[in-house]
Each structure stands twice: as structure tokens, then as C-alpha cells.
Amino acid sequence: MANSNKLIETFDTVELYRSDLKLCDPPRYLNDNLIGFTFEYFAKVLFPKENYLFCPPGAAFVISHEDDHEDLFDTLNGKDVSPKKKLLFFPVNDASDTSMLYSGRSQGNHWSLLVYNSDTKRFYSFDSSMGSNYRSALRLAQQLSCVLPVGEEGDSDGWNHSNKNNNNNNDNDDREGKK
């Protein structure tokens with residue numbers, strides 16, 4: 001069992017362990033550490049010259065649940081959340097218990113992806129589980145809209161939501177919808 005916690009790689013501030021990699025095998029589910037490592041890799045290796053932002057899972061959770069507007073702006077500025085970025089990627093989790101944030105315990109049951117496109121001024125939500133993260137993604141988009149302009153003239157919602165089946169035997173919906 002000690003072998004399952006063997007450190008595999010450190011990338012920037014994220015440490016990847018063997019136990020994290022085992023989560024890539026079905027029927028397991030991704031954790032915030034694996035997503036954070038992947039986002040760091042995307043930002044630093046795959047897309048270093050692109051004007052993209054890959055927000056860490058913990059920061060996305062804090063942004064989603066921050067009630068104090070001044071603290072929210074500080075967090076957004078600290079993570080460089082800005083419409084100057086072409087694409088902004090945010091992992092979305094259905095966790096709601098903010099008291100567990102610093103406990104180190106896992107929270108939530110499902111991850112999805114929220115993407116903001118500065119050219120279209122729209123949020124795009126990608127959820128493989130029949131929209132189970134719809135409310136969590138919408139809450140995060142609403143929080144982000146204080147610094148990211150949303151919608152074109154005549155388009156007030158700035159929101160697209162997609163349910164796509166990723167063939168993991170846990171997804172039943174292949175519809176695409178709009179709020």
C-alpha cells in the first residue's frame with residue numbers, strides 16, 4: 001500500500017502520485033490533484049504560447065463559493081482571470097461543503113468542465129453525466145461574470161450547456177441543450 005503513494009512527478013506546485021494515476025483506469029473517477037496536474041501540464045507544456053488560462057480545481061471551487069465580493073475580485077485577479085485570455089478553462093465539481101476546503105478530504109461526486117471564450121463572450125459547460133453539474137457550473141459562471149463580459153447584443157445569457165456521452169458506462173445522455 002505504501003507503493004500507491006509513491007511520488008511520480010512534481011510539476012510546478014502539483015505533485016502527482018501513483019495513486020492518482022490509478023484513477024485513470026475504469027471504473028474510477030478523476031480527482032482534483034490529477035486534474036490540477038493535467039491543467040499545469042497543458043499550460044506549461046502543451047499550450048505555453050497560447051493565451052489560455054487553466055484554473056486549478058481548488059481555485060475554481062473557491063471562486064464558485066466566495067460570498068465576499070472583495071475577496072472574489074482578489075482571487076480572480078490573483079489567478080489572472082481576465083477577458084484578455086482567449087480561452088479560460090475551469091474544472092467544476094458538485095461539492096458544496098466549503099468547510100471541507102482545507103481539510104484534505106475529497107468532496108463532491110462528479111467533475112465537468114466550464115470554458116469561457118473571450119471572442120464569443122460565452123460560457124460553455126461540458127458535462128458527461130446528464131447535466132448533473134449544471135447548477136455548479138452555472139454558479140461558477142455567474143461568479144466569473146463579474147470580470148468576464150457575458151453575451152453579445154441581444155444575447156443576455158452567454159451560456160451553452162452540453163451533455164455528451166463519454167462511454168464510461170455511467171453516462172446516459174447524448175443530447176446537446178441550451179439553458
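Helices (H or I, at least four residues) and strands (E, at least two) are DSSP runs numbered from the N terminus. Colour by secondary structure and follow the order from the N terminus, β-β-α-α-β-α-α-β-β-β-α-β-β. This is a predicted model, in which local features need pLDDT of at least 70 and side-chain atom pairs count only at pLDDT 80 or more, while totals for chains, interfaces and linings use all residues. Residues are numbered from 1 along each chain as its sequence is written, and side-chain values use heavy atoms, with hydrogens and water left out.

The accessible surface comes to about 10,700 Å², 48% of it belonging to carbon and sulfur atoms; areas are from the Shrake-Rupley method with a 1.4 Å probe, and for residues only the protein chains shown count as cover. Of the 179 residues, 41% count as buried (under 20% relative accessible area; exposed is over 50%, partly exposed in between; 1.4 Å probe, protein chains only).

**The cores**

Select Val81, Phe90, Leu114, Leu140, Leu144 and Leu148, the residues with the most contacts inside the largest nonpolar core, which has 20 residues. Such a core is a set of buried Ala, Val, Leu, Ile, Met, Phe, Trp, Tyr and Cys residues joined through side-chain atoms within 4.5 Å. At least two core residues come from each of H3 (57-65), H4 (69-78), S4 (87-93), S5 (111-117) and H5 (134-144). H5 gives the largest share, four residues. Next, select Ile35, Phe39, Phe54 and Val115, which are among the seven residues of a second, separate core.

Move to H2, residues 32-46. Its 15 residues reach 20 Å from first C-alpha to last, close to the 21 Å expected at 1.5 Å a residue; the expected span is 1.5 Å times one less than the number of residues. Leu34, Ile35, Gly36, Phe37, Phe39 and Glu40 are the buried residues of H2.

Now select H3, where eight of nine residues are buried. The cover over these buried residues includes H2, H4, S4, S5 and H5, judged by contact (heavy atoms within 4.5 Å).

Which residues does serine 136 touch, leaving aside its neighbours within four places in sequence? Find serine 136 in helix H5; the contacts are Ser64, Val92, Asn93 and Asp94. Serine 136 is buried, at 9% relative accessible area. Ser64 is itself one of the buried residues of H3.

Lysine 85 is in the loop between H4 and S4. Why does lysine 85 count as buried? Because its relative accessibility is 17%. Its side chain makes a polar contact of 3.3 Å with that of aspartate 80. A polar contact is a pair of N or O atoms within 3.5 Å; within protein, one must be able to donate a hydrogen and the other to accept it, and residues adjacent in sequence count only if both atoms are side-chain atoms. Beyond four places in sequence, lysine 85 is in contact with Asn51, Tyr52, Leu53, Asp80 and Ser118.

Finish at S5 and S6 (residues 122-127), antiparallel strands joined by five bridges; two strands pair if DSSP finds at least two bridges between them. Asparagine 117 stands opposite arginine 122 in S6. Four residues lie between the strands of this hairpin, and lysine 121 takes a positive phi near 55°.
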